[in-house]
Amino acid sequence: DRCDESLLLGLPDAECRQKLMSQYYQAFVKGELTKNDEQASSLGSRLRSYLTKEDPFRVRIDDDVMDQDQLGEVVAATEGFSGREIGKLMIAVQANLY
């Protein structure tokens, strides 16, 4: 469908960027870790590991990654980013994990 109206939304302020970063980090990074752990623990993965003698691929992120200090640095570095740009940034972080 086509929308003939246009909306101008301002850029998110620091508080909003912090919320967006936290939300996208949980969705795109931590959420994928959970899926990765479930997949690596699956019967198929364990069978493949047994047959190939290779450990299943697991992604690990230390607990201190994206703590409040790091989050503050990222929020400051993303001043002027739109919400979409922040979302794309976190998708790029997710892609670089693999």
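**Exercise 1.** Determine the volume of the largest pocket and describe its lining.

*Solution.* The largest pocket has a volume of about 220 Å³. A pocket is here an open set of points on a 1 Å grid over the protein atoms alone, where a 1.4 Å probe fits, with protein on both sides within 12 Å along at least five of seven lines, and lining residues have an atom within 4 Å of a point; the volume is the space filled by probe spheres set on the points, which are joined across faces, edges and corners. Among the lining residues are N36, Q39, S45, R48 and F57. α1 (14-40) and α2 each give two or more residues to this lining, and α2 gives the most, with four residues; helices are DSSP runs (H or I, at least four residues), numbered from the N terminus.

The model is predicted, local features need pLDDT of at least 70, side-chain atom pairs count only at pLDDT 80 or more, and totals for chains, interfaces and linings use all residues. Residues are numbered from 1 along each chain as its sequence is written, and side-chain values use heavy atoms, with hydrogens and water left out.

**Exercise 2.** Locate V65 and list its contacts outside its sequence neighbourhood.

*Solution.* V65 sits in the loop between α2 (43-52) and α3 (68-77). Once neighbours within four places in sequence are set aside, V65 is in contact with Y25 and Q70, where contact means heavy atoms within 4.5 Å. Between the C-alpha atoms of V65 and A92, which are 27 residues apart along the chain, the separation is 16 Å.
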